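Hello,

Here is the structure we talked about, with the sequence alongside. My notes on what turned up follow below.

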Amino acid sequence: MRAIRLYFRFFVIQLKSMMQHKASFFFTVLGQFLVSFNVFLGVTFMMERFHEVQGFTYPEVLLCFSITLMAYTLAETFFRSFDTFNQMIGNGEFDRILLRPGSCIFLVLCSKIELTRIGRLLQAAVMLVYGVTKSGIIWTPMRAFTLFLMILGGTLVFASIYIIFASICIFTLEGLEFMNVFTDGAREYGKYPVSIYGKTVLTICTFLVPFALFQYYPFLYLTGKTVRDWYALLPIPACLFLIPAACLWRFGLSHYQSTGS
């Protein structure tokens, strides 16, 4: 409870800070909405031309995309500090965090909350509502719970990738652009069920970085395209991706050397 209260205080502080420049905050939120809206238009125009993608209809594709986009946006909103961790090391902010009492990873988490991503989150919510109402899925309590697990699992998978990125930065001191393949790239490819990219990509996204565990397999259960009901629970093992990410963070932290900034 103490950690929750402390996190809420950090949240309020950063919100007040952003509200000091209301026009800037508003236009940034609007910009985030419009950028994701352009991606939505691209999906719409393509589906108008081809109508189906591997048997998935337009509302189903939008539902799939909205789940990925919402998970990615939630992770970027609340775990943004790990995505910009190389800057924290470079300017000496991480050294100051290490001198403070409390959990290091918690203080890094609290140091930056990217509330401007609300615009993208709104876009994801609109697509989610459309997909839920127009996809023709017969919603049961189990399917609703699976939808929740997919968003939660996706958020934690993206968050784990950010933590892995931050852990690597401890050794490299600089950000590694190739990591964007697993974050921004996954968000873009997540517009459609992972299976459309081929068996190799599906295997990688199942056993290496578990995107398919929260996106593709439970989505088959939602849309009734599989008889394997246990697919509904696969986002739970996807959440376990946080464990190796946390272990890598602890390993990196034990080898951290200040840049002297």
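Overall fold

Of the contacts in the protein that join residues at least 6 apart in sequence, 76% link residues at least 24 apart. Please keep in mind that this is a predicted model. The protein has 15 helices and 2 strands. Its radius of gyration is 19 Å, close to the 18 Å that the globule rule gives for 261 residues, so the protein is as compact as a globular protein of that length. Buried residues account for 50% of the 261 residues.

The largest pocket

How much space lies in the largest pocket? The computed volume is about 280 Å³. The pocket is lined by 16 residues, and those closest to its centre are A186, Y189, V201, C205 and F211. Three helices each supply at least two residues of the lining: helix 10 (184-189), helix 11 (199-207) and helix 12 (211-214). Helix 11 gives the largest share, with 3 residues. By residue type, the lining has 13 nonpolar residues, 3 polar ones and no charged ones.

R187 is located in helix 10, one of the helices that supply the pocket lining. Is R187 buried or exposed? R187 counts as buried because its relative accessibility is 17%, and the cut-off for buried is under 20%. The R187 side chain makes a polar contact with the side chain of E188, at 3.1 Å. Apart from neighbours within four places in sequence, R187 is in contact with F65, T68, L69, Y72 and R120.

P193 is found in the loop between helix 10 and helix 11. At 0% relative accessibility, P193 also counts as buried. Which residues does P193 touch, not counting those up to four places away in sequence? They are F56, C64, Q215, Y216 and F219. T68, which is among the contacts of R187, lies 125 residues from P193 in sequence, and the C-alpha atoms of P193 and T68 are 9.9 Å apart in space.

Q14

Q14 belongs to helix 1 (residues 2-18). Its relative accessible area is 13%, so Q14 is buried. Leaving out residues up to four places away in sequence, Q14 touches C110, S111, K112 and I113.

Q54

One backbone angle should be noted. Most residues other than glycine have a negative phi. Q54 is not a glycine, yet has a positive phi of about 50°. Where does Q54 lie? The position of Q54 is in the loop between strand 1 (52-53) and strand 2 (56-57).

Regards

Note on methods
Residues are numbered from 1 along each chain as its sequence is written. This is a predicted model: local features need pLDDT of at least 70, side-chain atom pairs count only at pLDDT 80 or more; totals for chains, interfaces and linings use all residues. Side-chain values use heavy atoms; hydrogens and water are left out. On a 1 Å grid over the protein atoms alone, a cavity is a set of points where a 1.4 Å probe fits but cannot get out, and a pocket is an open set with protein on both sides within 12 Å along at least five of seven lines; lining residues have an atom within 4 Å of a point. Grid points are joined across faces, edges and corners, and a volume is the space filled by probe spheres set on the points. Helices (H or I, at least four residues) and strands (E, at least two) are DSSP runs, numbered from the N terminus. Ala, Val, Leu, Ile, Met, Phe, Trp, Tyr, Cys and Pro count as nonpolar, Asp, Glu, Lys and Arg as charged, and the others, Gly among them, as polar. Buried means under 20% relative accessible area, exposed over 50%, partly exposed in between (1.4 Å probe, protein chains only). Contact means heavy atoms within 4.5 Å. The radius of gyration is taken over C-alpha atoms; the globule rule is 2.2 Å times the number of residues to the power 0.38. A polar contact is a pair of N or O atoms within 3.5 Å; within protein, one must be able to donate a hydrogen and the other to accept it, and residues adjacent in sequence count only if both atoms are side-chain atoms.
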